[in-house]
Amino acid sequence: MLIRECTAADVERVEEAYPTGAHRRHARTVERQQRGECTFLVAWDGEEPLGHGEVMWQGCSTPEVRAAYPECPEINGLRVYRADLRGQGIGTALIRSAEGRARERGFQWIGLGVSDDNPSAARLYERLTYDAGMRYTAVWSSEDDAGVKRVFEDPRTFMVRDLTT
Ligand SMILES: CC(C)(COP(=O)(O)OP(=O)(O)OC[C@H]1O[C@@H](n2cnc3c(N)ncnc32)[C@H](O)[C@@H]1OP(=O)(O)O)[C@@H](O)C(=O)NCCC(=O)NCCS
């Protein structure tokens, strides 16, 4: 398995593995990466993309979390695409790769938000020595296939890790 930054040339293959349709999420993440806002990490087995995670260099998109944890990039959208490949260390490898990149840039802290309804992911992060920090509600909006805008609210815990320990 190889983990590297996703390029515009990779987007089609990542879209095949994890389709986002009209939202074009992967293409938009690559655009954010080109603007320096994030690093879009994809794990590959040969030509097959296995999963991804995005390091948001400005931190969490929720302002109160950013205020409480300044200088703390966030690992966002972590996902192993195929359910049959979960539990084999790919998610851990993506997290370790994100941590290494944050360390290289001189950050002491890295964080991630975990939904209340995802206790198995929270257990993984605890095992990787992330500590539960503040609770918050992530709010975002998205258009459905009929073009109707919907607002989503997701209660989460921001978990943080000291990269120097
Ligand atoms: C969470 C996720 C990214 C972890 O990646 P992974 O490659 O499965 O994780 P690893 O193999 O490195 O670590 C395994 C641990 O992940 C946790 N985990 C969370 N969701 C899991 C799932 N659906 N299947 C297997 N393990 C899962 C378990 O605690 C597991 O530990 P265990 O083997 O002791 O039960 C992946 O399971 C996934 O894509 N889940 C669906 C999307 C998601 O929940 N993303 C997290 C958003 S915060």
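The following dialogue goes through a predicted model and the terms applied to it.

Visitor: What kind of model is this, and how are residues and atoms counted in it?
Guide: This is a predicted model, in which local features need pLDDT of at least 70 and side-chain atom pairs count only at pLDDT 80 or more, while totals for chains, interfaces and linings use all residues. Residues are numbered from 1 along each chain as its sequence is written, and side-chain values use heavy atoms, with hydrogens and water left out.

Visitor: What makes residues 1–164 a domain here?
Guide: The label comes from the UniProt record, an unreviewed entry whose annotation "domain: N-acetyltransferase" covers residues 1–164; such positions are given in the numbering used here, feature names are shortened, and annotations may be inferred rather than shown by experiment. Over residues 1–164 the chain is 29% helix and 38% strand, with its end C-alpha atoms 26 Å apart, where helices (H or I, at least four residues) and strands (E, at least two) are DSSP runs numbered from the N terminus.

Visitor: Why is a space in this model called a pocket rather than a cavity?
Guide: Rolling a probe the size of a water molecule over the atoms shows where empty space is left. On a 1 Å grid over the protein atoms alone, a cavity is a set of points where a 1.4 Å probe fits but cannot get out, whereas a pocket is an open set with protein on both sides within 12 Å along at least five of seven lines. The largest pocket has a volume of about 1,800 Å³, a volume being the space filled by probe spheres set on the points, with grid points joined across faces, edges and corners.

Visitor: How do you know which residues line the largest pocket, and which of them lie nearest its centre?
Guide: Lining residues have an atom within 4 Å of a point, and the largest pocket is lined by 49 residues, of which Asn 76, Gly 77, Leu 78, Arg 79 and Arg 156 lie nearest its centre. β4 gives the most to this lining, with seven residues, and the elements that supply at least two residues each include α2 (25–34), β4 (74–80), α4 (90–104) and β7 (149–162).

Visitor: What makes a lining residue nonpolar, polar or charged?
Guide: Ala, Val, Leu, Ile, Met, Phe, Trp, Tyr, Cys and Pro count as nonpolar, Asp, Glu, Lys and Arg as charged, and the others, Gly among them, as polar. On that basis the lining of the largest pocket divides into 17 nonpolar, 20 polar and 12 charged residues.

Visitor: Why is Arg 156 called buried?
Guide: Buried means under 20% relative accessible area, exposed over 50%, and partly exposed in between (1.4 Å probe, protein chains only); Arg 156 has a relative accessible area of 18%, and therefore counts as buried. Arg 156 lies in strand β7, where Thr 157 at 14% and Met 159 at 1% are buried as well.

Visitor: What makes the pairing of Arg 156 and Asp 154 a polar contact?
Guide: A polar contact is a pair of N or O atoms within 3.5 Å; within protein, one must be able to donate a hydrogen and the other to accept it, and residues adjacent in sequence count only if both atoms are side-chain atoms. The side chains of Arg 156 and Asp 154 are joined at 2.7 Å, and those of Thr 157 and Arg 135 at 3.1 Å, so both distances fall within the limit.

Visitor: What does Met 159 touch, and how do you know that it counts as contact?
Guide: Contact means heavy atoms within 4.5 Å. Not counting residues up to four places away in sequence, Met 159 touches residues including Ile 110, Leu 112, Tyr 125 and Tyr 130. By contrast, Met 159 and Glu 143 are 16 residues apart in sequence and 29 Å apart in space, C-alpha to C-alpha.

Visitor: Why is Ser 61 called exposed, while Arg 24 and Thr 129 are called partly exposed?
Guide: Ser 61, in the loop between β3 and α3 (63–68), counts as exposed because its relative accessibility is 58%. Arg 24, in the loop between α1 (11–17) and α2, has a relative accessible area of 41% and so is partly exposed, and Thr 129, in the loop between α5 and β6, is partly exposed at 44%.

Visitor: What is the phi of Arg 24, and what is that of Thr 129?
Guide: Arg 24 has a positive phi of about 50 degrees although it is not a glycine, and Thr 129, also not a glycine, has a positive phi of about 70 degrees.
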